[in-house]
Every structure is written in C-alpha cells, then in structure tokens.
Amino acid sequence: MQIGIIGLPNVGKSTIFNAITKAGAESANYPFCTIDPNVGVVSVPDERLKVLGEMYQTKKIVPTTIEFVDIAGLVKGASKGEGLGNKFLANIREVDAVAHVVRCFDDDNVVHVSGKIDPIDDIETINLELIFADLEMIDRRIDKTRRAAKASKEAKTQLAVLEKVKSYLEDGKKPDKTAFNDDEWHWISQLQMICTKPFFYIANVAEDELQEDNAYVTALKGKVAPAEVIKISAKIEEEIAILDDEEREEFLAAMGMSSSGLDRVITVAYRLLGLISFLTAGPDECRAWTVPKGTKAPKAAGKIHTDIERGFIKAEITSYDDLIQAGSEAKAREQGVTRTEGKDYIMQDGDVTFFRFNV
C-alpha cells in the first residue's frame, strides 16, 4: 500500500515524511526542496504481534508495512508544467491514497509560497490543479474512445461514462461515486484519475496547538468534511521519531497524546482503503498480513505464497481475542474456538490463521 504525501511547498510535508518514516529526505525552507519522490517503508504498529510473540516464544516478529511517498510540492499552474508539476502529477497517479498536508500554523521564519497562511486557499489551489490534470487526461481518453465507439457497443457505453466524468471536472468537482453504478465506478477506478483516489488531510499545527483546534484547523475541517483531518505537529513527530518504544510511550503520556501522528495516519489510511490484517503465529515467526476487506481465505493464503493459494485445502482460524482468552493454541482447540474454514470463508481482522494446502 502506498500513501502519497502532497501539499504546497513549505507546509511541513517533507518534515512530516522524515519524522514518520525516519527516511532522511532533505527538508529546507524553500520551494521544491523535494525533487524526486522519496519513498519510506514504515512498519504498521500492531500490539497483537507482541502478545502473540510472547505466547509462542517466537524468534521473530514481522509487522506488515506501508509505503509513504513524499512528492514534490505542488504550485498553481502545475497541470501546465509550473514548478515540478508534471513530474508531481505522474507520481501521484501511482499511489493508493493521498494524504494532503495543509499548513495550519503561523511562523514568520517559514515562508509560504503564496505569502499568506490560508488553508482553504491552499486546498482549492491543489484541488484545481488535480482537476485540470484529470480533465486533460479524460479529454484524451474521450477522443480515443469516440473513435472506437463507431464500431463497439462497449466503447459507446464507456464514452457516455467518460463524458459524465468530464462534466463533473468542468464544474470544478471531483466525480462522485453516488452518481455512478457499481460497474461504472469500478471502471472509472481503473483510469488512474487523481481526483477519485481516497483523500485525507493532515493539519500541521504548532506544538502547543495539538489539543484545541485553532481557527485554521476549524476552517479546514469545515471545508473538507466528511473527509478526515488528522492534527499533527511536525516538530513533535520529529522528537517522537528518535525515541525508543519505552521513551515514546512516556513522551506521548506527558504530551497528553494516546498515539503518535503516524499511528493515526495509518489507522485512517487502513479505514479509507478498506484493509484488514490477519495474523500467522508460531515459534519461528509471528507476522501480520494485509488484505482488503472481503478477501476469501485462498486469496489471503496467496499473500504468503502462491503455492498455498493454488493448493489450498482449508484454513484453521482462531480469532485473536479468543486465542488470548484461551491462553494457548492447545487450549483454544480444547475449548472449540479454533475453527476449520473452507474456500468461501471471508477473512476477518485479527484472524490467527494456519493454512493447510497440497501442491
């Protein structure tokens, strides 16, 4: 899973990226410091693995991961190639979801590309550039499809959908899933449009403004609702990033925070993309695996190895809560909470799973 981090120059985008990924991307007080997309791989926090590791006395714990892609700052005119726009837009089409970082703090020592702090204006600037870029792509697709529609009924149907999408973009709006049937929306999702990707927002605030929303954050939430807004202080996340686990917990408690910004970003990203984690556990390894909600057992087995999917026989499953309550794998079996599931079983978050297969 890839999360693209976007925003205007100097909103704290690369600082936040550095803090949550510890990737060391260059961060400086001038536009276009980030030229090539920086990619950082982050372990997804999952306390269940630690507990299972102790239960099984495992040799190794392997969390699932998420990739963050820090993409060059976008400016007005990016869809026409201003700044590093074309490169930015090509990179953003590849990600699964978009985290839009918005500056919500005052600091005379950090320049703003438009000379003022205005979250609403910042969002509208970027949204318009994304819409313009998608409109240009849809126009090209319409021209190609119109020619094919003369001889193809399927292309004629696709042309009608494309023209409907275009009407949204020309009105300055992102296409709305509710205006299309499931088949149409599934097809639209294959077009790699930027505007149809799941979006959430990161409000970068001052260190002393994490508890109460300032006027900038209030305005931001009102503008983007019902999309989610996560408040983060880039400076605090930098401090958290250098701490070990014990120090991290003490620091968060002292700050009155129940979780770090990274934890909240991952939680929102999982929810937006409809993802769950199933678990495998044993003396050699305890591991988390990420799959979309609705994934059936054989497909989940394929995440581990294609041979397991190909030769799938059954899945032995114990929910994490039942396993912990039982106290051990053997007791879970004795109590009858370990189930045998077949090919049509839909995986659930926290399923501790052993796949049986034969190839």
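A residue counts as buried when its relative accessible area is under 20%. In this predicted model, W185 has 15% relative accessibility, so W185 is buried. F180, at 7% relative accessibility, falls under the cut-off as well and therefore counts as buried.

These two residues also form a ring pair. A search of the whole structure finds 5 aromatic pairs. In the pair of F180 and W185, the ring centres are 5.9 Å apart and the planes meet at 40°. Planes under 30 degrees apart would count as stacked and planes over 60 as edge-to-face, so the pair of F180 and W185, at 40°, is tilted. The ring of F180 has a charged neighbour too: the charged end of K164 sits over this ring, 4.8 Å from its centre.

A second pair brings together F278 and W289, with 6.4 Å from centre to centre and 15° between the planes, and this pair is stacked. Where do F278 and W289 lie? F278 belongs to strand β8, which covers residues 275-280, while W289 belongs to strand β9, which covers residues 286-292. The pair therefore ties together parts that are 11 residues apart in sequence. Both F278 and W289 are buried.

Ring pairs link F278 and W289 with F312 and F355 into a cluster.

Another charge over a ring is found at F105. Here the charged end of R103 sits over the ring of F105, 4.5 Å from the ring centre.

Methods:
Residues numbered from 1 in each chain as written. Predicted model: local features only at pLDDT ≥ 70, side-chain atom pairs only at ≥ 80, totals over all residues. Heavy atoms only, no water. Phe/Tyr/Trp six-rings, centres within 6.5 Å; stacked < 30°, edge-to-face > 60°. Buried < 20%, exposed > 50% of the residue type's maximum accessible area, 1.4 Å probe, protein only. Helix = DSSP H or I, 4+ residues; strand = E, 2+ residues; numbered from the N terminus. Lys NZ or Arg CZ within 6 Å of the ring centre and 35° of its normal.
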